[in-house]
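Look through the model below before reading on.

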Amino acid sequence: GGGTRVVLNGTGFSSDSSQMIVKIGDSFCDVVVASSSSIECTTNAHNPGSESVTVFVVGQGNAVGSVYFDYELFVCNVSHHFGSIFGGQRLIISGGGFAASRATHYVNNLGRHPEFGIGYRWNPSHLVVHVGDRVKWTWTGSAFTTLRSVVQVSDDAAETYDGSGFESKESVTGSFEHSFTKPGIYHYISGGLAHIGFRGTVEVVPFESRSVEVNVFVNGIRASHKPSGANASLSA
């Protein structure tokens, strides 16, 4: 469970995410991005039920308001309601609150810049991922290098944070993760180094459904296809 991105809107928050603590019931919601008017956090595993949301700002106290979040776990349909006594029937169970299977993609700063060399390009600079996938950036440097970060920007020419996307803290060596929940093309830079082309893109695509032919073989004999509703039989 967990892994749901939640957006909370209000006033008087802190733009420093380290000063924001969000809890849903007795479980923490990990703050990813914060501003004076909104917080984005990722839920952790929790039992099903409706829980109150608490926002605490360090040095100010709890935010005022009554907001609830529903943790869901339910089944609404099963693809087959009978099968062979010998087992082997593949079932598709539909519902909500299941643990999603998602991939993690990795990006580092070991790309080569034509003038400054290794360490000043994202590698790879372009990723294609599916909705629900996560990207993890890692970067390294020395005491003499410029601080690096991962900052979302509005387009491939922008050099400053777009104010609503993902943003990491600056550091010489560090890492940052972000899960992508909507299709689209996301542009990002290394803060302060966009002017030398230290930027990249993440293209998020939806899963596509498709129809394929189903063939069944028994002892090397292919079952013939018959119209829907007819009783299947084997033919040599």
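Start with a definition: on a 1 Å grid over the protein atoms alone, a cavity is a set of points where a 1.4 Å probe fits but cannot get out. A pocket is an open set with protein on both sides within 12 Å along at least five of seven lines, and lining residues have an atom within 4 Å of a point. Grid points are joined across faces, edges and corners, and a volume is the space filled by probe spheres set on the points.

This is a predicted model, in which local features need pLDDT of at least 70, side-chain atom pairs count only at pLDDT 80 or more, and totals for chains, interfaces and linings use all residues. Residues are numbered from 1 along each chain as its sequence is written, and side-chain values use heavy atoms, with hydrogens and water left out.

How many cavities of 30 Å³ or more does a search of the whole structure find? The search finds one. The largest cavity has a volume of about 40 Å³. Its lining consists of Gly3, Arg5, Thr42, Arg102, Arg134, Ser179 and Thr181. Four of these residues are polar, three are charged and none is nonpolar. Here Ala, Val, Leu, Ile, Met, Phe, Trp, Tyr, Cys and Pro count as nonpolar, Asp, Glu, Lys and Arg as charged, and the others, Gly among them, as polar.

Now take the second largest pocket, at about 290 Å³. It has 13 lining residues, and Arg5, Glu40, His178, Thr181 and Lys182 lie nearest its centre. Strands β1 (5-9) and β15 (174-179) each supply at least two lining residues. By class, the lining has four nonpolar, six polar and three charged residues.

Next come the strands. Helices (H or I, at least four residues) and strands (E, at least two) are DSSP runs, numbered from the N terminus. Two strands pair if DSSP finds at least two bridges between them.

Strand β2 (residues 20-24) pairs antiparallel with β3 (residues 27-34) over three bridges. Valine 22 has cysteine 29 of β3 as its bridge partner. The two strands form a hairpin with two residues between them, and glycine 25 in the turn has a positive phi of about 65°. Most residues other than glycine have a negative phi, and most peptide bonds are trans.

β3 also pairs antiparallel with β4 (residues 38-43), over five bridges. Aspartate 30 stands opposite threonine 42 in β4. This hairpin has three residues between β3 and β4.

Further along, the peptide bond from asparagine 123 to proline 124 is cis, with omega near -5°. Proline 124 sits in the loop between β11 (117-123) and β12.

β12 belongs to an open sheet of four strands, in the order β12-β17-β16-β14, with mixed pairing. β12 (126-130) and β14 (151-153) each have a single partner strand, so one side of each is left without a neighbour in the sheet. Inside the sheet, six bridges join β16 (residues 184-189) to β17 (residues 199-205), and the two run antiparallel. Tyrosine 186 stands opposite valine 202 in β17.

Last, confidence. pLDDT is the predictor's confidence in each residue, from 0 to 100. The chain has a mean of 84, and 89% of its residues reach 70 or more. Over residues 229-236, pLDDT stays under 50. For that stretch the model has nine contacts (heavy atoms within 4.5 Å) beyond four places in sequence.
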